[in-house]
Amino acid sequence: MHAQIKDADVPPAFEVTDARVAYDGVPVLDGVNVGIPRGRTVAVLGPNGSGKSTLVRAMLGIVPLTSGGIRVHGTPLSRFRDWRRIGYVPQRLTAGGAVPATVREIVSSGQVAARRRFSLPTRADRAAVDEALAAVDLTDLAKASVRELSGGQQQRVLIARALAGRPDTFVMDEPMAGVDAENQRALARIIARLRERDATVILVLHELGPLEEFIERTVALESGRIVHDGAPLLPTGECARPGHEHQHPHPDPNDPDPRAAERPSPADLMRLEVPGRD
Ligand SMILES: Nc1ncnc2c1ncn2[C@@H]1O[C@H](COP(=O)(O)OP(=O)(O)OP(=O)(O)O)[C@@H](O)[C@H]1O
């Protein structure tokens, strides 16, 4: 079982109070209250457009609240500075660019926020990158260009990038989307290891799938409101609910990888959204 720390008197990793977000005046989060205790593995579920990504992006300060409040590890978001504690794996990446970055370069970029300005990577930094690459089984591909990788492998690069900063809190936005079964199992192993380390892990998912056994709690959204917060939902997940109309992206019928069209270029990977900044 987990260490005592979970139930110790520590502030929640995230505390969201009456959070509202609107895009162009249209409400997307409509009074969300949720607390994510430290050391838990929590899934955020819900149909397309229900506000899952908006919620986690708001929790990281990427999307501003219209009203309400968010605390991160006990500190109001606007005053939170310890971003090295947070590992963010975004869902989609912006288009453009073609810098020939290697897997190792991308993974190393996960440490930039944690290093002092202009300081070079230390031996410990390099060891953390090695460890992160090993954790996602990409050691052999460290020198490969990320452009050569499949969508699932690129997803693992992003996870390794988050791991390399050695955070204790992870926010992963749909890490399983468009990832084949083998890569899904690899991701499940990573989540298992993070749980053993008592990391806090928040996963935006459409279904629990191979992660089911690790999920301790699910928060389900519908139309910007929480409709369930508690024990994990049924293994079949939201996608199997009657009336659920989730659309997974299938941009190119000739490409077996449904995420091919959204695959990030290396440049995209280098300029991932930085939590806490607009
Ligand atoms: N930057 C934006 N500007 C305007 N509207 C947006 C923006 N981002 C998201 N939305 C809209 O807000 C709503 C919630 O989007 P969000 O991405 O949070 O939902 P989601 O539950 O994560 O959906 P999905 O499962 O499709 O990823 C949707 O209607 C979406 O179109």
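A crossing of two helices is called left-handed if the near helix is turned anticlockwise from the far one by less than a right angle, and right-handed if clockwise. Keep that in mind for later.

What we have here is a predicted model, where local features need pLDDT of at least 70, side-chain atom pairs count only at pLDDT 80 or more, and totals for chains, interfaces and linings use all residues. Residues are numbered from 1 along each chain as its sequence is written.

First, the overall picture. The protein has six helices and ten strands; these are DSSP runs numbered from the N terminus, H or I of at least four residues for helices and E of at least two for strands. Of the 278 residues, 43% are buried, meaning that 20 or more other C-beta atoms, placed from the backbone, lie within 10 Å of the residue's own. Contacts are pairs of residues whose C-beta atoms, placed from the backbone, lie within 7 Å. Among contacts with a separation of 6 or more, 74% join residues 24 or more positions apart.

Now the strands, which pair if DSSP finds at least two bridges between them. β1, residues 14-23, pairs with β2, residues 26-36, in the antiparallel sense over eight bridges. Within that pair, Val16 stands opposite Val34 of β2. The hairpin has two residues between the strands, and Asp24 there takes a positive phi near 50 degrees. β1 also pairs with β4, residues 67-72, again antiparallel, over five bridges. Here Arg20 stands opposite Ser67 of β4.

Next, α1, residues 52-59. How many of its residues are buried? Eight of eight, so to speak a mostly covered helix. The buried residues include Lys52 and Arg57, along with Leu55, Val56 and Met59. After α1 comes Gly61, with a positive phi near 80 degrees.

Last, the helix pair. The axes of α4, residues 151-164, and α5, residues 181-196, come within 10 Å and cross at roughly 15 degrees; axes are lines fitted to C-alpha atoms over the stretch in contact, with angles from 0 to 180 degrees between N-to-C directions. That makes α4 roughly parallel to α5, the term for angles under 35 degrees. The crossing is left-handed. On the α4 side the contact is made by Gly152, Gln155, Arg156 and Ile159, and on the α5 side by Asn183, Ala186, Leu187 and Ile190. These residues divide into four nonpolar, three polar and one charged, where Ala, Val, Leu, Ile, Met, Phe, Trp, Tyr, Cys and Pro count as nonpolar, Asp, Glu, Lys and Arg as charged, and the others, Gly among them, as polar.

Key: A residue is buried if 20 or more other C-beta atoms lie within 10 Å of its own, exposed if 12 or fewer, and partly exposed in between; C-beta atoms are placed from the backbone. Two residues are in contact if their C-beta atoms, placed from the backbone, lie within 7 Å. Angles under 35 degrees count as roughly parallel, over 145 as roughly antiparallel, 65 to 115 as roughly perpendicular and the rest as oblique.
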